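Please open the model in your viewer and keep the selection tool at hand.

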Amino acid sequence: MIDLFTDEYFMTQALKEAKIAFDKGEVPVGAVVVINKKIIARAHNQTEMLSDVTAHAEILAITSAANYLGGKYLIDCTLYVTLEPCVMCAGALYWSQISRVVFAASDDKRGFRTHQIGLHPKTEFSSGLMEGEATSLLKTFFSQKRNF
């Protein structure tokens with residue numbers, strides 16, 4: 001039997017969220033939270049729309065997933081996000097005890113690894129999945145911002 005719900009499938013869903021952010025003039029970062037191969041939360045950056053520096057895709061997805069599950073811990077969940085989480089988001093992921101984080105593009109300036117911030121000891125993470133697509137969207141966004 002072919003498994004249609006792969007890491008690539010879920011990252012594609014996160015990229016769809018990033019494109020929504022792009023279309024709204026937000027930094028194009030998208031995220032989905034998955035448990036048992038089911039998406040329980042979708043989010044994209046909304047810092048401009050909400051005038052809230054904490055309205056990153058990851059934070060909004062964590063909140064939505066916790067509400068769905070009825071508790072603050074995201075054990076057995078996976079976060080798929082198009083950009084490496086920043087220090088703030090890594091802290092929230094730490095406290096959520098999420099089981100797995102998969103991100104596309106690295107963030108060499110603001111990413112949690114650059115600042116040597118760790119996720120929860122039980123959290124696994126991997127990077128680089130569909131990195132080209134995520135990086136291209138980010139580069140296009142910032143290129144357009146600079147040309148205005």
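Which residue takes a positive phi in the hairpin of β1 and β2? Select Asn-36: in this hairpin, which has two residues between the strands, Asn-36 takes a positive phi near 50°.

Before moving on, please note the conventions. This is a predicted model, in which local features need pLDDT of at least 70 and side-chain atom pairs count only at pLDDT 80 or more, while totals for chains, interfaces and linings use all residues. Residues are numbered from 1 along each chain as its sequence is written, and side-chain values use heavy atoms, with hydrogens and water left out.

**Stop 1: the whole chain**

Display the protein chain as a cartoon. The secondary structure comes to five helices and five strands; helices (H or I, at least four residues) and strands (E, at least two) are DSSP runs, numbered from the N terminus. Read along the sequence, the pattern is α-β-β-α-α-β-α-β-β-α. The radius of gyration of the chain is 14 Å, close to the 15 Å that the globule rule gives for 148 residues, so the chain is as compact as a globular protein of that length. That radius is taken over C-alpha atoms, and the globule rule is 2.2 Å times the number of residues to the power 0.38.

Along its principal axes, the C-alpha trace spans about 45 × 35 × 25 Å. Switch to a surface display: the accessible surface comes to about 8100 Å², of which 54% belongs to carbon and sulfur atoms. Accessible areas come from the Shrake-Rupley method with a 1.4 Å probe; for residues, only the protein chains shown count as cover. Buried residues make up 45% of the 148 residues, where buried means under 20% relative accessible area, exposed over 50%, and partly exposed in between (1.4 Å probe, protein chains only).

**Stop 2: strand β1 and its partners**

Select residues 30-35, which form β1, and then residues 38-44, which form β2. The two strands pair in the antiparallel sense over six bridges; two strands pair if DSSP finds at least two bridges between them. Within this pairing, Ala-31 stands opposite Ala-43 in β2, and the bridge partner of Ile-35 is Lys-38.

Is β1 mostly covered or mostly open? The strand is mostly covered, as six of its six residues are buried. Gly-30, Val-32 and Val-34 lie on one side, and Ala-31, Val-33 and Ile-35 on the other.

**Stop 3: Leu-93**

Select Leu-93, found in helix α4. At 1% relative accessibility, Leu-93 counts as buried. Not counting residues up to four places away in sequence, Leu-93 touches Ile-62, Leu-79, Pro-85, Ile-98, Val-101 and Leu-119; contact means heavy atoms within 4.5 Å. Leu-93 and Ile-62 are 31 residues apart along the chain, yet their C-alpha atoms are separated by 7.6 Å. For the chain as a whole, among contacts between residues at least 6 apart in sequence, 57% join residues at least 24 apart.

**Stop 4: the salt bridges**

Side chains of opposite charge can pair when their charged atoms come close. The structure holds two salt bridges, a salt bridge being a side-chain nitrogen of Lys or Arg within 4 Å of a carboxyl oxygen of Asp or Glu.

Select Asp-7 and Arg-100, whose closest N and O atoms are 2.6 Å apart. This pair links distant parts of the chain, 93 residues apart: Asp-7 is in helix α1 (residues 7-23) and Arg-100 in strand β4 (residues 100-105). Asp-7 is partly exposed at 24% relative accessibility, and Arg-100 is partly exposed at 23%.

Next select Glu-84 and Arg-113, with closest N and O atoms 3.2 Å apart. Glu-84 is buried, at 2%, whereas Arg-113 is partly exposed, at 33%.

**Stop 5: the cysteines**

How many disulfides does the structure hold? The structure holds zero disulfides, a disulfide being a pair of cysteine sulfur atoms within 2.5 Å. Select Cys-86: its sulfur is 3.7 Å from the closest cysteine sulfur, in Cys-89, too far for a bond. Cys-86 is buried, with a relative accessible area of 15%. Cys-77 is buried, with a relative accessible area of 0%.
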